[in-house]
Amino acid sequence: MDFRQLRTFSCVAELGSLSKASDTLRVAQPALSRQIKLLEHELRTELFTRNGRGMVLTEAGRLLLARTSGIVRQIDQIRDDIQSAKGPPSGQVVLGLVPTVSCVLSARFARRCVEKFPGISLRIVESYSGHIVEWLHRGEMDLAILYGRSADLHLHVQSLGRDNIVAVGPRGCGLARKKSVDIGWLLRQRLVLPSHSHGLRALIEHAAAQRKIKLNVQLEADSFRVLTSLVEEGLGFALLPPSSVHAEVADGRLETAMVSKPMTRELIFASPIDRPASTASLAVTALLREEVAACRKEGVWDIKLS
């Protein structure tokens with residue numbers, strides 16, 4: 001196996017198409033196809049299933065991608081770092097954001113990054129903490145802002161503070177008038193929650209178990225946008241950080257109220273522990289810290305310092 005073959009394989013696997021990979025790598029399709037076939041011949045197994053919709057990884061292909069994607073990114077970063085030594089930072093940076101952070105931060109941060117670092121290609125991946133941690137460990141992601149117990153992640157971490165959780169309901173539900181609701185009352189209402197794989201669900205389940213309350217969950221949504229839409233339709237209450245629904249509350253589409261017994265989650269910066277950060281990712285990290293501080297100062301993001 002050589003690096004060119006692995007880079008081609010990684011690109012085709014990510015895009016699911018030889019034609020898209022050809023455009024990205026600026027290499028003719030026949031040459032890419034030949035590299036994939038040579039790699040399959042050397043490994044004595046098929047890495048893709050070809051069909052009318054594109055290239056789908058086989059089980060062997062998924063294994064190879066898991067083992068090599070981080071290596072390919074590190075080699076690309078070495079090239080970018082050498083080039084950055086002679087000028088401004090350049091190269092790709094993959095930033096992971098949990099959905100409730102992404103809705104506050106992604107657009108405004110992307111704008112600042114493009115303005116300040118035109119040589120950096122920023123890729124923002126929105127997902128839940130469990131997936132982001134896995135991608136950080138595999139070297140497929142450079143840095144992230146996520147929720148979690150920092151001591152348990154085996155990553156470079158820095159605490160940003162704690163994010164409050166508030167009750168969220170539809171327009172006219174009365175939360176805005178009450179301003180504060182009893183946690184026991186809230187947990188007995190019809191709720192719209194993420195699935196059990198989500199850290200927020202675990203926090204809510206723990207609060208209910210402490211009070212011996214059986215949750216009434218008729219609808220689950222692992223998409224933040226779907227979850228808030230269900231609440232807006234009056235299908236149940238949710239528990240979310242207030243910053244994540246700031247726009248909806250301002251528009252009068254949702255109402256929020258504090259919870260009598262405060263519920264909070266630790267918010268952290270995270271990056272891989274087993275490899276040095278690239279010049280580009282260090283620049284993005286510094287800018288990201290500035291943006292988080294600006295959000296806090298402007299009152300857009302009510303993060304309580306630890």
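**Reading the model**

Mentor: Begin with the overall build: the protein has twelve helices and 13 strands. Keep in mind that this is a predicted model. Along its principal axes, the C-alpha trace spans about 65 × 45 × 35 Å.

Trainee: What share of the 306 residues is buried?

Mentor: Buried residues account for 49% of them. The protein exposes about 15,800 Å², and carbon and sulfur atoms supply 53% of that area.

Trainee: Is R201 buried or exposed?

Mentor: Burial is judged by relative accessible area, and buried means under 20%. R201 is buried because its value is 4%. R201 belongs to helix α9, which covers residues 199-210.

Trainee: With which side chain does the side chain of R201 make a polar contact?

Mentor: The partner is the side chain of E220, at 3.0 Å. Leaving out residues up to four places away in sequence, R201 touches L193, P194, S195, H196, V217 and E220.

Trainee: And how should I class H246?

Mentor: Between the buried limit of 20% and the exposed limit of 50%, a residue is called partly exposed. H246 has a relative accessible area of 48%, so H246 is partly exposed. H246 lies in helix α11, residues 246-250.

Trainee: Which residues does UniProt list for "domain: HTH lysR-type"?

Mentor: The unreviewed UniProt entry lists residues 1-58. In the model, that stretch is 62% helix and 14% strand, with its end C-alpha atoms 18 Å apart.

Methods: Residues numbered from 1 in each chain as written. Predicted model: local features only at pLDDT ≥ 70, side-chain atom pairs only at ≥ 80, totals over all residues. Heavy atoms only, no water. Helix = DSSP H or I, 4+ residues; strand = E, 2+ residues; numbered from the N terminus. Buried < 20%, exposed > 50% of the residue type's maximum accessible area, 1.4 Å probe, protein only. Polar contact = N/O pair within 3.5 Å; in protein donor to acceptor, adjacent residues only side chain to side chain. Contact = heavy atoms within 4.5 Å. UniProt positions renumbered as here; feature names shortened; annotations may be inferred. Areas by Shrake-Rupley, 256 points an atom, 1.4 Å probe, with all protein chains shown as cover.
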